[in-house]
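Here are my notes on this one, in the order I'd go through them with the model open. Have a look at the structure first, then read on.

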Amino acid sequence: MAGAGEHGRTDTGSRLIKAAPDIIYRALIEPQAVASWRPPQGMRGEVLAFDAREGGTFRMAFIYEDEHGHGKTTDNADVFEGRFAELMPGRRVIELVEFESDDPSFAGTMRIVTTLEPVEGGTRVTVSCENVPPGHQRGRPSRGHRLVA
């Protein structure tokens, strides 16, 4: 995977979620949970491989739920793979993600840093997507990233 900083765009959002950091952390590393919250609206997630350990890899597909969607990888799907660069239980998850696409505007490794900070009333969740490839539209975050947008 290529290094961060190739494209220079960073998208960041933060929000208070009324849950303990450990509960949110589990939703970041359990495949069924990730498949339910990560796909953008109008898509469903399918986990193809998932090894939730530091250095472990994952592969997922986001599949359009209607026939009007146009995927990055196939006519109706976006397929991506990644690696867990850092796992700090209850505190932080860093992922390195690459989309499979013939379109060079989706090329490169995106670094996703999710930070969990315990605060009164729950957890402050901050998601920072670094080195966002230029083909990714602003304003179409995943369900999970919409939580902090």
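1. Start at the hairpin: strand 6 and strand 7 form one, with two residues between them. G121 sits in that turn and has a positive phi of about 90°. Bear in mind that this is a predicted model.

2. Stepping back, the chain has three helices and seven strands. Reading from the N terminus, the order is β-α-α-β-β-β-β-β-β-α.

3. Now the inside. The largest nonpolar core has 26 residues, and F80 and V93 have the most contacts inside it. Helix 1 (21-29) and helix 2 (31-37) each give two or more residues to this core, and so do strand 3 (57-64), strand 4 (77-88), strand 5 (92-100), strand 6 (110-119) and strand 7 (122-130).

4. What does V93 touch, leaving aside its neighbours within four places in sequence? The list is Y25, L28, I29, F84, E86, L87, I112, V113 and T114.

5. Some whole-chain numbers to finish. Of the 149 residues, 42% count as buried. The chain exposes about 7,800 Å², with carbon and sulfur atoms supplying 48% of that. Among contacts with a separation of 6 or more, 52% come from residues 24 or more positions apart.

Definitions and conventions
Residues are numbered from 1 along each chain as its sequence is written. This is a predicted model: local features need pLDDT of at least 70, side-chain atom pairs count only at pLDDT 80 or more; totals for chains, interfaces and linings use all residues. Side-chain values use heavy atoms; hydrogens and water are left out. A nonpolar core is a set of buried Ala, Val, Leu, Ile, Met, Phe, Trp, Tyr and Cys residues joined through side-chain atoms within 4.5 Å. Buried means under 20% relative accessible area, exposed over 50%, partly exposed in between (1.4 Å probe, protein chains only). Helices (H or I, at least four residues) and strands (E, at least two) are DSSP runs, numbered from the N terminus. Contact means heavy atoms within 4.5 Å. Accessible areas come from the Shrake-Rupley method with a 1.4 Å probe; for residues, only the protein chains shown count as cover. Two strands pair if DSSP finds at least two bridges between them.
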